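Good morning, and thank you for coming. I would like to take you through one structure, beginning with the contact between its parts and then turning to selected positions inside it.

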Amino acid sequence: MGQYEIIGGSPLRGEIRIHGAKNSVLPILAATLLCESCCVIEDCPYIRDVDTAVEILEHLGCRVQRRGSELTVDSTAANRWEIPPQLMGKMRGAILFLGALLSRFSQARLSQPGGCPLGDRPIDLHLGGLGHMGARCQFRDSVLYCQVDRFCPSTVALPFPSVGATENLLLAALSCPGETVICNAAREPEIADLMGFLRACGAELRGDGSSVLRIRGGKKLRGCRYRLMPDRMEAATYLAAAAATRGELLLKNVRPEHLRAVTNVLQEAGCRIWEGSGELSLHCHSLRGVSPIRTAPYDGFPTDAQAPVMAAMATAEGTTVFEETVFSDRMGHIPALCAMGAKISAAKRCAVVQGVPRLKPARACATDLRGGAALAIAMLAAPGRSILRDAGHICRGYERFDAILRTCGAQIQYTEGL
Ligand code: EPZ
């Protein structure tokens, strides 16, 4: 799974250009199954989850080409509707092919998706919503069989604004003649990005960014050229790293309005934040504890920023309480932070972080994508040599993580396979 060797203790100083968003490109790659000609995705990140999505598309019969940061997908020859467990197990984003396969082939055969261990991650909202639209889904011997004669125009209310379920229902609705309404839809910017892509392919959709989405399906979709929105979680991670190391960072290719909940917290903690058009900078000389941070669906504090920001607050002056309301068990990074000298008392969904003057270097294992990034941030702040194992988790969602940090003065080196 690879490891990072980090010599921490020096401030990050420099400029980083943010890549296209992981959580946009995954549903968009699934959506290319519905396009009758080639799609070119611009600013596509070089990350392992994209590699997995490409493996799935090629398994289904699509032709995929990569040229620099452009990914071209031709799904005209796609002729399979089952995804093997070894591909499903690699990432949660694999479930996003369900809606597209049902739209294209009226059937799909999948299994429970893999992904970060963040507590229970059922797919009942996906299956319940698709069932309401007319699909018949059932698990037999841990294989998920789904069929639909034809989706019928309906109004589907999600009990919780699930990002993935919203995306699956959106893709399923595209093959349904008439209007489908999704209520209590997720409002994350990645949903609006998916809708922007689909509109560029000729789809008729309304409600971007709202909790009520209206899809007029049944139209053939053409291919298109589409630039991904910047990855707000990559940006939030690097901001947290700059704060943790008391550094100065200029981010380019960002949408500051997507990061407001995170920058508000960092500003309250004492960071100086400047916002420009497509740019954002952070200067940090000291950090202080902030009012309780409660994760929530957009536009609340994003759950994916909880671990990276906690790593920064571990050396703030004062105490900060974190409450994780989105996932049932997203505190896997805390034991390793405590082994580095952080003072954190935690329960399943709550953590009280009492800042300490400095962290100690350590050897630790990444447990998941954002938790791994949090440990790397703590190691960049801790003076001395640390080792972060199972670093493959980080490679799933951050392009050239170590190389980018080295351009800002970090001493970090990735070694494959250890
Ligand atoms: C997406 O996951 C993101 N992943 C996650 O990012 C992100 O943390 C999450 O949305 C919330 O913003 C991708 O987009 C690939 P959910 P998703 O469905 O779709 C429960 C990262 O680090 N739920 O909104 O899986 C679920 O268990 C990853 O980039 C059900 O109970 O998130 C969780 O508690 C991590 N039943 C909550 O809803 C369902 O059918 C939110 O899940 C679906 C979800």
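Let me begin with a definition: a salt bridge here is a side-chain nitrogen of Lys or Arg within 4 Å of a carboxyl oxygen of Asp or Glu. By that rule, R17 and D43 form a salt bridge, their closest N and O atoms lying 3.1 Å apart. Please keep in mind throughout that this is a predicted model.

I turn now to the overall division of the chain. Domain 1 comprises residues 3–18 + 230–415, and domain 2 comprises residues 22–227. Taken over C-alpha atoms, the centres of domain 1 and domain 2 are separated by 30 Å. The contact draws 25 residues from domain 1 and 24 residues from domain 2.

How much area is buried between domain 1 and domain 2? The value is about 2,000 Å², and carbon and sulfur atoms give 50% of it. On the side of domain 1, Y298, R396 and E399 lose the most area to domain 2, together accounting for 32% of what that side buries.

Next, the polar side of this interface. The rule finds 3 salt bridges across the interface of domain 1 and domain 2. Across that interface there are also 12 residue pairs in polar contact, with both residues at pLDDT 80 or more.

I now move to individual positions, starting with L87. This residue is in helix 3, which spans residues 85–88. Is L87 buried or exposed? Its relative accessibility is 7%, and because the cut-off for buried is under 20%, L87 counts as buried. Not counting residues up to four places away in sequence, L87 touches T52, E55, I56, H59 and A94. From L87 to S111 the separation is 24 residues in sequence and 9.4 Å in space, C-alpha to C-alpha.

Let us continue to helix 5, residues 124–132, where L125, H126, L127, G129 and L130 are buried. What do the buried residues of helix 5 pack against? Their partners are helix 4 (97–105), strand 7 (136–140), strand 8 (143–147), strand 9 (155–157) and helix 6 (163–173). Just after helix 5, G134 adopts a positive phi of about 120°.

Of its 11 residues, 10 are buried, so helix 6 is largely enclosed by the rest of the structure. The buried residues include E167 and N168, along with L169, L170 and L171. At the N-terminal end, S162 caps helix 6, with a side-chain oxygen 2.9 Å from the backbone nitrogen of A165.

Which backbone nitrogen does the side chain of T320 reach? The side chain of T320 reaches that of V290, at 3.1 Å. Leaving aside neighbours within four places in sequence, T320 is in contact with G289, V290, S291, I293, M313, A351, V352 and V353.

That concludes the presentation, and I thank you for your attention.

Technical notes: Residues are numbered from 1 along each chain as its sequence is written. This is a predicted model: local features need pLDDT of at least 70, side-chain atom pairs count only at pLDDT 80 or more; totals for chains, interfaces and linings use all residues. Side-chain values use heavy atoms; hydrogens and water are left out. Domain bounds come from an automatic or database domain assignment. Contact means heavy atoms within 4.5 Å. Buried area is the accessible area (1.4 Å probe) that two parts lose on being put together, summed over both. A polar contact is a pair of N or O atoms within 3.5 Å; within protein, one must be able to donate a hydrogen and the other to accept it, and residues adjacent in sequence count only if both atoms are side-chain atoms. Helices (H or I, at least four residues) and strands (E, at least two) are DSSP runs, numbered from the N terminus. Buried means under 20% relative accessible area, exposed over 50%, partly exposed in between (1.4 Å probe, protein chains only).
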